[in-house]
Amino acid sequence: MILNQNSQIPIYMQIAEWLENEILADRLVADGKVYSQYQLAEMFNINPATAGKGLSILLENDILYKKRGLGMFVVEGAKSKILATRRTHTLTQLVEEIVQEARRLAVSDEELIDLIKKVQQKG
Amino acid sequence: MSLNDVSIMQNVKKQVWWKLSSYSSVFMTIIAVQIMASFLTLNGTSHMSSGNDELRVEVSSYSLDSILMFSMVTVFIISSMLASKHMMEENFSIVTTRLTASISTVVAQLIICVIATCTALSSFYIFTLVMRMRNSEEQFLVQMAVEVETLFLFFSLLVVLSAAGFLVGSFLQMNRWSIAIIGVAVIIGLFIYLVPSYETISSQDEEAIARIWLTSLKCLGISTVIYAVTIYIRNQQEVSRR
Amino acid sequence: MIRCEQLKKKFRRSTVLSNISFQIDEPKIIALIGRNGTGKSTLLRLIAGHLKPTAGKIEVLGHNPFNHLQVAANTIFIEEHLTFPSPFTLADILKQGATFYENWQQELAEKLLAYANISLRSYHEQLSTGQRATFNLVYGLATRCTITLLDEPMNGMDEAIRADFYRAILKEYIAYPRLIIISSHYLSEMEHLIEDILCIHKGVIELHAQLDEVQTFAVKLRGDKEQIAPFIERIEVLHEYDEAPFYEVVVPAANVDIEALQTKDVFVLNVSASEVCKYITSEAKEGIDHVFK
């Protein structure tokens, strides 16, 4: 993965997302060790503190846990947790975009819901 | 990440060694000057001749005087160069402080004085021997040895000049021309004070010998004071940019 | 590790630093940013103990760095004008490093110089500007001093080797953490490597923050002037570009309703840390185009 330096998303968030992707792809497994902040720093050519922040976020969100002196490990059930959050998040974002676009095109809320129902019925 | 602990003695020792190896060109200069001076003094000796039809006596005496003069000037110039900005700046690629840098420069200068004394002595001997071998006539070598006290005096005089050069060089580096001129004036004054005692050095008696030692000690005493003052002043100096 | 309190430095005619106060407590990589002539080098030289403060207090590793042997033994200051004894070859200089610095990495130095195609048999004065910069940087990294001060270390190096040596700095930092302060004009090049930014402007510390804070500090709004105006009414404008039909303004992100703006067809763009530093240190809000109006 190449980091997007110009993105609105801070680098440490991009690192966190990348780690989540690795978990989803089963390249990082439950109770398995994840990369240290120094390894991440070397891999992505960033400051270890930045990498460390990415790890901290996942720690806070209960995706990773810390074993004193040994490093960070993947929480059991992390994969499903990530899937759930992502689903909600992505879907919510898409819906928001549709609502915005609809409003821009002067389509009323009721018309929009009708449209959605129509598409759902199509199958 | 542990901190390095360094003692002043260790640092000074390392610096002296480093300075001597980086000043190799300086040594070449000294030796070259000594040799040149020896060449030039071959004529600056005193000759006496007297005789009648049957016997002719020529007395040639060679002395260290001219070599001394040359050496003193050289050492002065070298010391003031060592005190200069350029040399000081090189110091910042190594572990150093004003104090250890000054002390190690002084030690290096003293070593240079010792070397200068030794090379002066050697070139003196070499040339008198060369002169001896060149003249095929009967010769008697009246006195070959140079006394310890004379040698020590030679060394002491070089040390004074070295200290003087160091002081003047330091002032020049600080762009204080007026003080540098005063410094030079003081040094010239010192010489006028010391020279009378120097003139009477040629005699052999015990009193003279004692006087020679005394003069040497005076020189070293003055040098110590000058060095101490210079080191103190340099200790306050910031590193100035080119 | 380093603490400055109301530090002031005045040279004969001008006051370069008027009131510098900051504190760094742990090893990290910090960028020292500022316009030309704002006193970055002066600050570094004060930290290295080359200069004495005119007023105020500075403490490095718990001591006043001026003329202090312990501080000198653990500090290295690498700059463009760093000189070495002229009769020394580069190999001799490396030997010199080994003599004086306890943590000296001879093998690392040799390998890096071989990588940069610099022969150890050359003399320091013979090197080109870029090679000299490379050598000086290698020397500095090889000392592994706790306080490593790099004053515009990349000046003169070509782009390719700059990238390599930024990575070399990172790798060395990971291998042996230490406090590295890099003063540079090229913040954008090294943004990804640093942890904190220290920005000097007009003799004081304008900004001392973590990288991501600076990166998210401001946003650039691009779009229709009338649409944007109500949102930035009472907010400080860091930069403005008004050339019809383009209108761009940079404002602190905290006070702006980004979501609302996005619905109005206004682009909300990221502002990099180097741009933020540029805006907070500029004299004029309008930028260079204003000169040409």
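**Reading domains, contacts and a helix**

Chain A is divided into domain 1 (11-76) and domain 2 (79-122), with bounds from an automatic or database domain assignment.

Me: What kind of model is this, and how are residues numbered?
Reply: The model is predicted: local features need pLDDT of at least 70, side-chain atom pairs count only at pLDDT 80 or more, and totals for chains, interfaces and linings use all residues. Residues are numbered from 1 along each chain as its sequence is written, while chains are lettered from A and ligands numbered from 1 in the order in which they are written.

Me: How far apart are the C-alpha centres of the two domains of chain A?
Reply: They lie 31 Å apart. Contact means C-beta atoms, placed from the backbone, within 7 Å. Four residues of domain 1 of chain A contact four residues of domain 2 of chain A.

Me: How many residues of chain B and of chain C take part in their contact?
Reply: Chain B gives 27 residues and chain C gives 28 residues. On chain B, α1(B) gives the most, with five residues. Helices are DSSP runs (H or I, at least four residues), strands likewise (E, at least two), numbered from the N terminus.

Me: Why does the length of helix α6 of chain C agree with what it should span?
Reply: The expected span is 1.5 Å times one less than the number of residues. For the 17 residues of α6 (residues 159-175) of chain C that is 24 Å, and the end C-alpha atoms are 24 Å apart, so the two agree.

Me: Which residues of α6(C) are buried?
Reply: Buried means 20 or more other C-beta atoms within 10 Å of a residue's own. Among them are Ile161(C), Phe165(C) and Tyr173(C). The buried residues pack against α2 (37-44) of chain A, and against elements of chain C including β3 (29-33).

How values were computed
Contact = placed C-beta atoms within 7 Å. Buried ≥ 20, exposed ≤ 12 C-beta atoms within 10 Å, placed from the backbone.
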